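Have the view ready to turn as you read.

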Amino acid sequence: MKKIIAFCSAFLLAAAFTSCGKSSNDNFSSAPTDSVNGSSESSSIEQSDEEEKIVVDPFDKVAYGIPKEDDWGHRNIYPEEVTIEMDASESPFGSHMTFTYFIESADEDEIIIKARANIDEIQDFLDEYNYTVEETEKTFSINVADLTTNLISSDLISGENKAKLINLMQDRIESELKMSEDDKYEDPLAALGINSNNPDYKEQAEKEKEEFEKEKAESLQNEFDLEKLYVIMPSEIQYNLDSRKETSSITSRMNDDSFEDEMIYSNKAQLEISSNFSNKCKVMGIFKDTTGNYYCVTTSNFSDFVFDKGSLEEEFLECVLHTHPVENEHGVPHMYYDFDDEKSAYEEGLSSINESECQIVEIPLS
């Protein structure tokens, strides 16, 4: 019996070896042997890995924004003072990698910003997850026409903007020089609650009333027509790139609006531009009345020209009706609004301006 068991065991072991050997020989023979039509097993693996690389755009969801106000509460107005915020928080690598931004140029038409993804910071991360990046630089173009701006071009004084300015000037000159139909003569004593029966006073009051009515009639007939319109602005606009090149910083905080322990990441940088625009621009109108006198109206030194996407905001504008002194027969100067000719009115409007630093552009009226 023992001999029978030993024989069976030996038979099974021999069969096992035979089976193993056959399997090994089959596998070897099935491997490719033609070096032209095939490749080694190791090179096949490398090619497969290369084909499976995941291409990622690092600039996906990288965006710029211009807040209405900066961190100090100053309104962002281009180019006088503007902060541009570059935000890569939602980009594919926003929580891992910084970006470097550079203002390449800025003018009255557009702002060009170059961005670089600092891939070298996360190369190990890319290798580990089989990612690859084809583009590491991108250019952003910001259209100035979409921003809140100063008077950066005389072309802005056209259409509706020009009509707004002319109306403001017209209202200023008429409110100062033209009487209203509702104006009525008021007796000085009656205004104080005093009734006078003095015949001389009554006669004088009647005379003054007649003069008032005559002046009112003449005033209502008088018209003020705009003869010339000019824009005065810096001859050279300075675009100071205060923070021209900045690298973003990555910050994180716990999401307090979620029960889960998750983090919120921020990846931002700020670029800044400033200029020489504060109180450097004016608009001047030369008016003529029906009697042939000339007048000069300008925007005041405290006015700010602000255009929201090209539309003039009137709330920041005030107008001034200019005067000039004329001596009477006693040598005492009196201030008058009217000028004898257009040239005198024009020169008065420029009297406080350094013409060497400014450009004066005449705006067509039609």
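**Charges, pairs and cysteines**

Glu176 is partly exposed, with a relative accessibility of 35% (buried means under 20% relative accessible area, exposed over 50%, partly exposed in between, with a 1.4 Å probe and protein chains only). This is a predicted model, where local features need pLDDT of at least 70, side-chain atom pairs count only at pLDDT 80 or more, and totals for chains, interfaces and linings use all residues. Residues are numbered from 1 along each chain as its sequence is written, and side-chain values use heavy atoms, leaving out hydrogens and water.

Glu176 has a partner: it forms a salt bridge with Arg172, with the closest N and O atoms 3.1 Å apart (a side-chain nitrogen of Lys or Arg within 4 Å of a carboxyl oxygen of Asp or Glu). Both lie in helix α4 (residues 159–177), four residues apart, about one turn of the helix (helices, H or I, of at least four residues and strands, E, of at least two are DSSP runs, numbered from the N terminus).

Now look at Glu313, which forms a salt bridge with Arg75 at 3.1 Å between the closest N and O atoms. Glu313 sits in the loop between β17 (311–312) and β18 (319–321) and Arg75 in the loop between β2 (63–65) and β3 (81–87), so the pair ties together parts 238 residues apart in sequence. Glu313 is buried at 13% relative accessibility, while Arg75 is partly exposed at 27%. The whole structure holds six salt bridges.

Finally, the cysteines: there are zero disulfides (a disulfide being a pair of cysteine sulfur atoms within 2.5 Å). The sulfur of Cys358 is 8.4 Å from the closest cysteine sulfur, in Cys281, too far for a bond.
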